[in-house]
Amino acid sequence: MTERKQSALSLGEKIRRQEIRVKEAVDAAYQKISESEPQIHAFLTLTEEYAYRRAEEVQKGIQEGRYTGPLAGVPIAVKDNICTAGIRTTCASKMLGDFVPPYSATAFSLLEEAGAILVGKTNMDEFAMGSTTETSAFGVTRNPHNPEHVPGGSSGGSCAAVAAGETFLAVGSDTGGSIRQPSSYCGVTGLKPTYGTVSRSGLIAYASSLDQIGPIGTNIADCAAMLEILAKQDAADSTSMDRSDLVGITQAAARADESLKGFRVGIPQEYLSSQIQPQVRDAVEAAAKALAERGAEVEIFSLSMTDYVIPTYYLIACAEASSNLERFDGVKYGYRAAAYKGLHEMYKKSRSEGFGEEVKRRIMLGTFVLSSGYYDAYYLKALRAKALLKKEFDEAFAKYDILIGPAAPTTAPKIGTSLQDPILMYLSDIYTVAVNLAGLPGLSMPWGKDENGLPVGIQLIGDCFQERKLFRAAACLEEDRPSAKNTVSEKSACDGIGR
């Protein structure tokens with residue numbers, strides 16, 4: 001069995017037993033951050049004053065029996081597009097460089113109620129638009145496994161923080177793979193839940209019909225523990241749903257000693273194309289073999305809409321981004337140009353100076369496809385393709401419990417290579433965007449490394465509301481993979497304290 005040395009749940013248990021004080025856990029997290037940040041740059045804002053104040057409150061609450069959850073006292077990081085009251089929230093953009101929201105996102109409030117301790121807000125691609133965390137207005141985040149390589153994106157800061165051992169758990173958002181792809185590049189575990197499972201209230205929107213908040217951690221059980229906290233219906237989000245079926249998912253995710261007899265697994269043949277890196281294909285095949293050895297029935301099938309997912313996704317996502325980002329005009333809040341003549345020039349200069357190149361590119365594409373002359377030819381056609389894709393997934397899940405494939409076609413590219421060719425960056429999302437278009441849950445987990453020591457990730461995809469099946473298979477794979485060594489930092493925050 002794989003030994004789980006670094007675990008948010010084990011730290012939470014030690015805190016509840018008073019083997020470790022909450023302040024000690026926070027001290028250790030900031031010590032590790034001070035060691036790693038000069039090279040990694042996973043964080044945009046550190047919240048020491050808040051964290052130490054909360055550490056005292058939570059420590060007292062644990063002793064009084066008010067905080068009884070498994071993550072009480074555990075340090076976490078939060079992506080910087082999730083609003084935190086009184087704490088700077090920038091979306092890694094000059095446009096919101098000094099924005100301090102007056103309210104917190106529902107997801108963050110739920111974590112506060114559970115006793116988790118925020119140690120900082122993490123770097124990301126600007127307004128979550130990118131796949132490398134290189135489009136941030138505040139500098140590039142580097143991959144802890146090799147600082148010359150990207151951590152992925154757009155939740156690259158959250159994944160890098162977990163991989164570097166700066167925190168055990170982080171919160172990300174996933175619009176087209178923004179949790180799963182960087183989790184693959186950084187060698188950590190990340191979940192994009194079924195659309196509507198986690199409230200989007202307080203998440204600064206990129207594409208509202210695709211965005212979903214999810215957990216990033218060092219293992220399956222930690223992610224399940226955070227999901228169980230986050231999966232609450234919220235009246236402030238009209239797309240939020242009752243997920244009471246996820247109560248107890250943490251215990252279920254920790255069980256890996258069962259047979260998978262009768263469990264049906266499908267591998268889309270299009271996901272094993274010649275375009276993917278050989279080590280990535282080998283990892284998918286090895287993981288499928290491990291499931292088969294547990295008794296699962298594994299079969300290759302065709303997911304014929306795969307060739308259409310990238311154009312479909314970018315047409316829909318950019319159209320929604322064009323609408324969502326219209327509010328950032330320099331009037332009520334955010335960046336305003338210093339010199340201008342008249343209202344319209346203020347709008348143009350503020351947006352031109354406040355947004356980065358990738359954000360402007362996507363706004364322009366979205367505005368174009370929504371224009372009266374091109375709406376039918378592009379946007380409406382993309383919506384039809386989305387419906388056909390969902391139908392094809394429905395047919396697949398009538399046969400299979402889960403699907404398995406790569407999270408990304410390659411391991412992490414070198415810094416600078418993707419931005420030279422935006423189309424190449426967009427194609428890195430080919431195995432993840434379909435999950436968002438269909439509203440499905442998807443999970444990325446590490447499975448070995450390539451010849452350069454960079455992590456290889458695999459992706460498990462489930463039908464809507466079937467996270468339990470994903471966790472069942474993932475827990476087995478976590479136990480059966482050849483080696484879990486070096487999937488995260490050798491020395492994580494809180495290692496060695498309280499012993």
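**Arg281**

I started with arginine 281, which sits in helix 9, residues 278-293. This is a predicted model, so I am reading everything below as computed. I wanted to know which side chain of opposite charge is nearest to arginine 281. That turned out to be glutamate 285, 5.1 Å away. Arginine 281 is buried, yet has no salt bridge. I noted the cut-off here: a salt bridge needs the nitrogen within 4 Å of a carboxyl oxygen. I then listed what arginine 281 touches, not counting residues up to four places away in sequence: Leu272, Ser273, Ser274 and Ile276.

**The core**

Next I looked up the largest nonpolar core and found 151 residues in it. The residues with the most contacts inside this core are Leu71, Phe127, Leu291, Phe393, Ile458, Phe471 and Leu477. Which helix gives the most to this core? Helix 10, residues 309-324, does, with 10 residues. A reminder to myself: in soluble globular proteins, nonpolar side chains tend to be buried together.

Leaving aside neighbours within four places in sequence, leucine 291 is in contact with Leu260, Val265, Ala296, Ile402, Ile404, Ala473 and Leu477.

**Ser240**

I went to a loop next. Serine 240 lies between helix 7 (220-230) and helix 8 (249-253). Is serine 240 buried or exposed? I have it down as buried, because its relative accessible area is 7%. Its contacts, with neighbours within four places in sequence left aside, are Gly196, Lys232, Gln233 and Asp234.

**Cysteines**

I checked for disulfides and the structure holds zero. Cysteine 83 is in no disulfide, and its nearest cysteine sulfur belongs to cysteine 91, 7.6 Å away. The cut-off I used for a disulfide is sulfur atoms within 2.5 Å.

Both sites came up when I looked at accessibility. Cysteine 83 counts as buried because its relative accessibility is 2%. Cysteine 91 is buried too, with a relative accessible area of 0%.

I kept going with cysteine 91, which is found in the loop between strand 2 (75-79) and helix 4 (106-113). Cysteine 91 has a positive phi of about 55 degrees although it is not a glycine. I wrote this one down because most residues other than glycine have a negative phi, and most peptide bonds are trans.

Alanine 128 goes in the notebook as well, with a positive phi of about 65 degrees and, again, not a glycine. I placed alanine 128 in the loop between strand 3 and helix 5. It is buried, since its relative accessible area is 4%.

What is the peptide bond from glycine 153 to serine 154? I found it cis, with omega near 10 degrees. Serine 154 lies in the loop between strand 3 (117-122) and helix 5 (156-163).

**Salt bridges**

How many salt bridges does the structure hold? I got 19. I looked at several of them.

Aspartate 401 and arginine 264 meet through their side chains at 3.5 Å, N to O. This pair links distant parts of the chain, 137 residues apart. Aspartate 401 is in the loop between helix 13 (375-397) and strand 9 (402-406), and arginine 264 is in strand 7, residues 264-268. Aspartate 401 counts as buried because its relative accessibility is 9%, while arginine 264 counts as partly exposed at 30%.

Glutamate 345 and lysine 349 form a salt bridge at 3.6 Å, N to O. They are separated by about one helical turn because they are four residues apart in helix 11, residues 343-354. Glutamate 345 is partly exposed, with a relative accessible area of 26%. Lysine 349 is partly exposed as well, at 30%.

Glutamate 358 pairs with arginine 362, and their closest N and O atoms are 2.7 Å apart. These two are four residues apart in helix 12 (residues 357-370), so about one helical turn separates them.

Last entry: Glu13, Arg17 and Glu19 are linked in a network of salt bridges.

Note on methods
Residues are numbered from 1 along each chain as its sequence is written. This is a predicted model: local features need pLDDT of at least 70, side-chain atom pairs count only at pLDDT 80 or more; totals for chains, interfaces and linings use all residues. Side-chain values use heavy atoms; hydrogens and water are left out. Buried means under 20% relative accessible area, exposed over 50%, partly exposed in between (1.4 Å probe, protein chains only). Lys and Arg count as positive and Asp and Glu as negative; His and the chain ends are not counted. Contact means heavy atoms within 4.5 Å. A nonpolar core is a set of buried Ala, Val, Leu, Ile, Met, Phe, Trp, Tyr and Cys residues joined through side-chain atoms within 4.5 Å.
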